[in-house]
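Please look over the model below before reading my comments.

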Amino acid sequence: MSPGAPLLQVTAISKRFGGLVAVRDLSLEVARGEVLGLIGPNGAGKTTAFHLISGFLAPDTGLVRFDGHLLAGLKPHAICDLGLVRTFQIVRPFPHLSVLDNVRVGALARRPRMAEARAKAQEVIDQVGLGAKAEQRAGGLTLAERKRLELARALATEPTLLLLDEVMAGLNPTETAAIVGLIRRINEGGVSILLIEHNMKAVMALSHRIAVLSFGEKIVEGTPAVVANHPRVIEAYLGEEYVHAPAG
Amino acid sequence: MAVGLTLIFGVMRVVNFAHGDMMVWGMYLAWILATRAGVDPYAGFILCAAVLFAMGWATQRLLVDRIVDAPHEMQILLMLGVALVLENAALMAFGPDPQRVRSPLRAATLWLGPVFVDVARLVTFGLAMALTLALYLFLTRTELGRTMRAAADNAYGALVIGTDVRRLYATAFGIGAACVGAAGALVSPILPFQPAGGLSLSVASFNIVIIGGMGSLPGAFLGGLLVSVAESLGAVFLSPSMKELVSFSLLIVILLLRPAGLFGKTVA
Amino acid sequence: MKWLGAAAVVVLLLLPAALSSYAITVFIFIFFYAFLGQAWNIVGGYAGQLSAGHAAFVGIGAYTSAVLSVQAGLTPWIGMFVGGLLSAALGTVVGYLGFRFGLRGFYFVLLTVAFAEVCRVVALNTDAVGGALGYYITFTGDPWQFQFQDNRVYYYVALGLMLGATGVVAAIERRRFGAYLIAIREDESACEALGVNTFRYKMLAMVVSSFLTGVGGTFYAFYLFSLQPGAVFGIPLSVEIIIRPIVGGAGTVAGPILGAFILSPLAEISRSYLGQGGWSGAHLIVYGLLLIAVVLFLPRGAYPALLRLWTRMAAQ
């Protein structure tokens with residue numbers, strides 16, 4: 001694997017559900033060490049794209065290549081083993097397990113011994129700032145804490161690429177700022193990140209590049225500055241963003 | 001013959017383990033009415049339906065309602081508990097021996113052209129068809145029926161528009177149980193029944209419902225048809241004791257091939 | 001907790017000296033059903049895959065070792081493993097079909113029931129194993145043929161089975177396998193995303209569980225000496241198997257044992273007091289009511305509830 005090749009290379013993937021084309025001819029590249037933001041109005045196909053990349057759905061056409069491997073036909077767990085892991089938009093902690101046990105499930109992917117996995121889990125929990133809650137049941141956490149837990153679990157699998165699906169949705173500005181800092185530190189630690197986010201300020205601050213999706217198609221791609229001022233983006237997205245701004 | 005009856009089974013949306021046992025209770029109620037009060041099952045089925053309605057309504061209201069938010073598995077276990085109680089209560093009350101209700105119609109026979117039909121079967125078939133049609137009309141034409149179908153599709157949506165979903169579910173469960181009770185009463189002059197028969201009746205209904213797709217009326221009709229044809233074929237080519245084998249094997253095949261049924265829209 | 005367990009084992013080891021033969025029989029059934037419950041617990045409790053057809057594995061294990069012993073003279077001490085392997089083979093088939101085709105919840109329950117019922121009807125119609133008349137083993141009292149004059153030997157064998165299965169479950173719980181099974185029960189998709197091969201672990205759980213259950217079949221055959229298709233493959237036995245861990249606490253090491261100690265005496269009492277006068281279904285009504293009560297009031301079973309009570313009392 002030459003160091004110049006992109007870590008993730010998505011080539012012209014499409015997915016239709018019945019008559020609805022959720023994703024059309026989408027191509028993306030994430031370089032090593034990069035944070036790529038994926039934005040677009042609701043229903044633009046962002047989460048579907050995540051499902052296609054992480055193996056939860058199979059694309060009708062197109063290819064996904066990750067770290068030199070073709071992902072076609074691979075199950076999500078096998079893709080995770082290769083170092084690509086995703087979070088869920090609607091967080092899915094194991095509610096009856098403690099925070100530590102939750103994260104340990106992720107850590108076991110690379111460290112089959114329970115004691116080592118536990119140590120790794122503890123380390124990641126401290127990293128995301130949940131150290132004080134390690135023994136608490138995940139079902140009793142606040143939304144902000146559950147988002148951190150979701151992140152911690154994914155991180156514990158020691159990925160090279162992290163797919164984050166709206167980890168800031170529903171958080172207040174203080175919590176959002178904390179998560180932004182956390183994601184930046186994770187990235188600085190060498191993990192590439194593909195980020196779906198509605199919070200424009202956060203995406204602009206975090207991403208090296210941004211791709212904009214509308215009705216399943218990529219309409220614009222470029223640096224945050226280019227994207228923010230692009231007329232098609234303002235047309236397709238920012239109008240919508242203003243509508244949603246008070247809720248976000 | 002089984003078609004007309006089994007369709008009623010299929011119509012009921014809530015699949016539960018106590019299904020067949022409720023039918024057995026419908027049969028025994030018809031039997032009590034016939035032996036104690038001399039009521040012919042072809043009239044008594046209305047009363048049976050009413051009693052079963054109450055039974056189903058109470059089951060939903062007192063038991064299932066309390067755990068609607070619990071995992072699916074809990075509902076299964078709960079209904080398994082109800083099935084155990086019903087079946088063995090029947091066993092204690094009526095004993096293990098098969099019974100059959102005598103109806104004056106039973107003895108009568110009729111020549112329909114070249115075909116020789118006994119009147120009891122004909123009446124059962126006719127009433128079953130009528131009930132099915134009535135239920136179909138109820139679900140598609142009345143306000144309550146339509147709300148019920150809407151709530152089945154999307155409970156949350158129904159809640160938002162202000163439906164009392166709990167009451168609706170209880171009514172739906174009650175109607176389902178009433179259908180089963182009526183069906184039980186209607187077949188009681190034709191088929192001998194015993195407390196232990198609940199399970200095979202349940203399996204028959206699961207077969208039909210799963211083939212037809214959960215909650216789909218035309219699906220239930222077709223499901224009933226397919227299952228009875230398959231079982232009759234099995235009975236012809238295999239020994240009668242192997243008939244059960246056919247229905248269980250059918251269930252396995254159906255489960256594997258069509259978890260959503262031929263007419264079902266969504267996988268549970 | 002550990003000391004309590006060790007003390008309980010010592011008591012159980014010494015107990016037969018003080019028990020009547022009737023009480024020993026009661027204990028044998030407690031141990032045996034705790035063993036079966038523990039075996040079920042792996043797939044039904046930990047992995048959360050509700051198999052309601054575990055009787056099939058008992059039946060296959062029982063018929064296998066009985067036929068091998070009677071027809072070929074093979075000692076059940078070996079036959080029990082042959083039976084276990086055959087049961088595991090069936091478990092593999094059921095698990096593969098169920099998990100590969102993605103049957104969850106109610107559909108998986110139906111699949112397991114259907115397989116058990118198919119086994120029952122096949123046994124019922126196979127004259128080589130006695131068909132509807134059942135299969136009988138002549139009592140010789142030969143320990144090599146798993147037959148003992150003294151009821152107390154069965155007591156110790158059953159106790160050994162229970163402790164052995166409990167050891168297996170405890171070992172699973174401490175390892176990655178167990179941690180994964182619990183996580184699968186909680187949320188399967190989330191597990192997949194975290195690199196858990198859910199299919200493989202569910203299969204493994206099913207295979208281990210059906211193997212142990214099949215081994216138990218041998219004990220059933222050589223304790224009761226008669227095999228009736230309706231009894232060994234029937235749904236009532238499956239209910240007996242699953243109800244103990246559920247009442248005691250599915251997905252916990254102690255649950256099936258606690259459940260067995262709660263239920264067996266209860267079944268015994270309802271059978272002997274209400275069972276007179278032909279009310280043969282009395283204990284099943286009690287099971288049904290208990291199942292309803294547990295689902296409504298103690299959905300995680302008695303053991304976790306006791307544990308909470310214990311920690312609350314200890315805190316005061």
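The points below cover the chains, a few elements of chain A, and the interfaces.

1. Basis. This is a predicted model: local features need pLDDT of at least 70, side-chain atom pairs count only at pLDDT 80 or more, and totals for chains, interfaces and linings use all residues. Residues are numbered from 1 along each chain as its sequence is written, while chains are lettered from A and ligands numbered from 1 in the order in which they are written.

2. Chain A overall. Chain A has nine helices and 10 strands. Helices (H or I, at least four residues) and strands (E, at least two) are DSSP runs, numbered from the N terminus. The radius of gyration of chain A is 18 Å, close to the 18 Å that the globule rule gives for 248 residues, so chain A is as compact as a globular protein of that length. The radius is taken over C-alpha atoms, and the globule rule is 2.2 Å times the number of residues to the power 0.38. Along the principal axes, the C-alpha trace of chain A spans about 50 × 40 × 35 Å.

3. Of its 248 residues, 48% count as buried. Buried means 20 or more other C-beta atoms within 10 Å of the residue's own, exposed means 12 or fewer, and partly exposed lies in between; C-beta atoms are placed from the backbone. Two residues are in contact if their C-beta atoms, placed from the backbone, lie within 7 Å. Among chain A contacts between residues at least 6 apart in sequence, 65% join residues at least 24 apart.

4. The antiparallel sheet. Four strands of chain A form an open sheet in the order S2-S1-S4-S5, with antiparallel pairing. S2(A) (20–30) and S5(A) (69–70) stand at the edges, each with a single partner strand, so one side of each is left without a neighbour in the sheet. Strands count as paired if DSSP finds at least two bridges between them. S1(A) (residues 8–17) is joined to S2(A) by seven bridges. One pair to check is Val10(A), whose bridge partner in S2(A) is Leu28(A).

5. H1(A) (residues 46–54) lies across S1, S2 and S4 (61–66) of chain A and runs at about 65 degrees to S2(A). Axes are lines fitted to C-alpha atoms, for helices over the stretch in contact, and angles run from 0 to 180 degrees between N-to-C directions.

6. Strand S8 of chain A. S8(A) (residues 192–196) is mostly covered, with five of its five residues buried. Ser192(A), Leu194(A) and Ile196(A) point one way, and Ile193(A) and Leu195(A) the other. S3(A) (residues 35–39) pairs with S8(A) in the parallel sense over four bridges. There, Leu38(A) stands opposite Ile196(A). S7(A) (residues 161–165) is joined to S8(A) by five bridges, also parallel. Leu163(A) stands opposite Leu194(A). From S7(A) the chain crosses through H6(A) (residues 173–188) to S8(A), and this β-α-β crossover is right-handed. Right-handed means that, with the strands pointing away from the viewer, the path from the first strand over the helix to the second runs clockwise.

7. Val203(A). This residue is in H7(A) (residues 200–206). Is Val203(A) buried or exposed? Val203(A) is buried, with 22 other C-beta atoms within 10 Å. Not counting residues up to four places away in sequence, Val203(A) touches Gly37(A), Ile39(A), Leu195(A), Glu197(A) and Ile210(A).

8. Chain C overall. Chain C has 14 helices and two strands. Its radius of gyration is 19 Å, close to the 20 Å that the globule rule gives for 316 residues, so chain C is as compact as a globular protein of that length. Buried residues make up 55% of chain C. Among contacts between residues at least 6 apart in sequence, 76% join residues at least 24 apart.

9. Chains B and C. Here 34 residues of chain B are in contact with 35 residues of chain C. On the chain B side, H4(B) gives the largest share, 15 residues. By class, that side has 25 nonpolar, six polar and three charged residues. Ala, Val, Leu, Ile, Met, Phe, Trp, Tyr, Cys and Pro count as nonpolar, Asp, Glu, Lys and Arg as charged, and the others, Gly among them, as polar.

10. Chains C and A. This contact takes 18 residues from chain C and 23 from chain A. H7(C) gives the most to the chain C side, with six residues. That side has nine nonpolar, three polar and six charged residues.
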